[in-house]
Amino acid sequence: MAGSWWRHCRRWGTSCTNTGLIETLWYFNGRSVSSSASSLSRASLSSGTGNEVMSPSSTQIHSKPLSLSLSRIRHKSQFLYPTLQSCCCRATHSDAKPKDPFMLAQKDLTSLYDDIKKELFVSKEELKYLCDYYFDGRGKAIRPIIVVLMARALNIHSNRAGDLLPGQRAIAMITEMIHTASLVHDDVIDGSDERRGKRSINEIWGERKAILAGDFILSAASMALARIGNITVVKVLSQVIEDLVRGEFMQLGSKENENERFKHYLEKTFKKTASLIANSCKAVSILVNSDPEVHEIAYQYGKNVGIAFQLVDDVLDFTSGAKQLGKPAAADLKLGLATGPVLFACQQFPELHAMIMRRFSSKGDVDRAWQYVLQSDGVQQTTFLARRYCQEAIRQISMLRPSPERDALIRLTEMVLSRDK
């Protein structure tokens, strides 16, 4: 059955989605998540309630809620979309080879880390060294790259010059500061001794100083945010801080019901990873365009590419070595976390359910779970789901006016799927 299911997935792999992924995946057991109760109501894609979205090719797109359980997602040939409309996202942007997104954003990011260090200036030498520790240029800087490219694409879309506004440049910097502060705190919570290929802050200076360093980075980011002087932008980026905390609390818990567990996993993934990208993209759009539909395009692109990025990250935990990742392999299992590959593998190996509930705490659990995932098609299914989110991100960004920056964002989305670290 699994082999047949995956053949269907591969056959659909080249077509693009016209349906909201989270909305679709969350219609479990014939009941939807209430938009008023769901903390992701503001993040859901266009629903089929008379709300129609027009693509650049003037194709009407209808999102239709589905009643699916996780087991049906695995075993039915209609995995996510029973009536997939065929479209080609590639046709919605220029045929010229997109420029390398990293090269295109380089000019605006040349002084990124120097600017951050200026924000973190403090007379106490040890605190300054702690705060500067991760701002050494060794990170991927994927978030500020997305923000810079989105800002330029939106400026062109809004009939302005492509150059960044001062506030947009500040948002790119703030995004990286919030992200790094969250890493410092995560390493304390997880007891991690390595980050970005070197010893973690908590490993060198201890947990107390690491927590204070993370707090100081967040406070400096908040000061920079206030100086932008736009109350709406402040509200949007403040939501990120709330989502990060709520997502961390969600990660500490689990669900007994397998469908609730998958919903829990996706919501946690949004809050911990995608919210920062989505709201940062929305923030730069607010500074240049007053159209809520444009704000939504920016938000949806960031949300979908952010979730895809984390899904791929969860796959890499099983497929890449520690040297590539800059952190130990199987780190999530060792922390007691059941990510996408494990949740999908449960369908073939029910023994995993008990392990998930005890957070892989018994002797041999991590090794057995690792083997079950590799013997299943959990990695492939998670990769397929990530591809769907990428396709939705491309569909969203393709609604903007053509520009090198817009096409670079499309290229960046494609690169998310092919990365190995």
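The model is a predicted one. The chain has 421 residues, and 57% of them count as buried. Contacts with a separation of 6 or more were also examined; residues 24 or more positions apart account for 77% of them.

Two helix pairs were described in detail. Two packed helices are described by the angle between their axes and the distance between the axes. The crossing is left-handed.

On the α8 side it is made by Gly-167, Ala-170, Ile-171, Met-173, Ile-174, Met-177, Ile-178, Ala-181, Val-184, His-185 and Val-188. On the α10 side it is made by Glu-207, Ala-210, Ile-211, Gly-214, Asp-215, Ile-217, Leu-218, Ala-220, Ala-221, Ala-224, Leu-225 and Ile-228. By class, the residues of this contact divide into 18 nonpolar, three polar and two charged. An α-helix has 3.6 residues a turn, so residues three or four places apart point the same way.

The second pair is α7, residues 142–157, and α20, residues 404–418. Their axes come within 8 Å and cross at roughly 145 degrees. This crossing, too, is left-handed. From α7, the residues involved are Ile-142, Ile-145, Ile-146, Leu-149, Met-150, Arg-152, Ala-153 and Ile-156. They meet Glu-405, Arg-406, Ala-408, Leu-409 and Leu-412 in α20. The contact has ten nonpolar and three charged residues, and no polar ones.

Helix α8 also holds Glu-176. This residue counts as buried because its relative accessibility is 2%, and buried means under 20%. Its contacts were listed leaving aside neighbours within four places in sequence. They are Tyr-113, Ile-116, Phe-135, Ala-141, Pro-144 and Arg-196.

Burial was also examined in helix α6, residues 125–132. Leu-130, Cys-131 and Asp-132 are buried there. Their cover includes α5 (112–119), α9 (201–205) and α10. Cys-131 has a relative accessible area of 1%. Cys-281 is buried as well, with a relative accessible area of 0%. A disulfide requires a pair of cysteine sulfur atoms within 2.5 Å. By this rule the count comes to zero disulfides.

Two loop residues have a positive phi without being glycine. One of them is Asn-159, with phi near 60 degrees. Asn-159 is found in the loop between α7 and α8. At 60% relative accessibility, Asn-159 counts as exposed. Phe-360 has a positive phi of about 55 degrees. Phe-360 lies in the loop between α17 (351–357) and α18 (365–375). Its relative accessibility is 5%, so Phe-360 counts as buried.

Leu-252 has its place in the loop between α11 (231–251) and α12 (258–286). With 53% relative accessibility, Leu-252 counts as exposed. Leu-252 and Arg-359 are 107 residues apart in sequence. In space they are 9.8 Å apart, C-alpha to C-alpha.

Ser-111 is placed in the loop between α4 (101–109) and α5. Its relative accessibility is 31%, and Ser-111 counts as partly exposed. Ser-111 and Met-173 are 62 residues apart in sequence, with 9.8 Å from C-alpha to C-alpha. Met-173 is among the α8 residues that make the contact with α10.

Note on methods:
Residues numbered from 1 in each chain as written. Predicted model: local features only at pLDDT ≥ 70, side-chain atom pairs only at ≥ 80, totals over all residues. Heavy atoms only, no water. Left-handed = near helix turned anticlockwise from the far one by under 90°. Helix = DSSP H or I, 4+ residues; strand = E, 2+ residues; numbered from the N terminus. Contact = heavy atoms within 4.5 Å. Nonpolar A, V, L, I, M, F, W, Y, C, P; charged D, E, K, R; others polar. Buried < 20%, exposed > 50% of the residue type's maximum accessible area, 1.4 Å probe, protein only. Axes fitted to C-alpha atoms, helices over the stretch in contact; angles between N-to-C directions.
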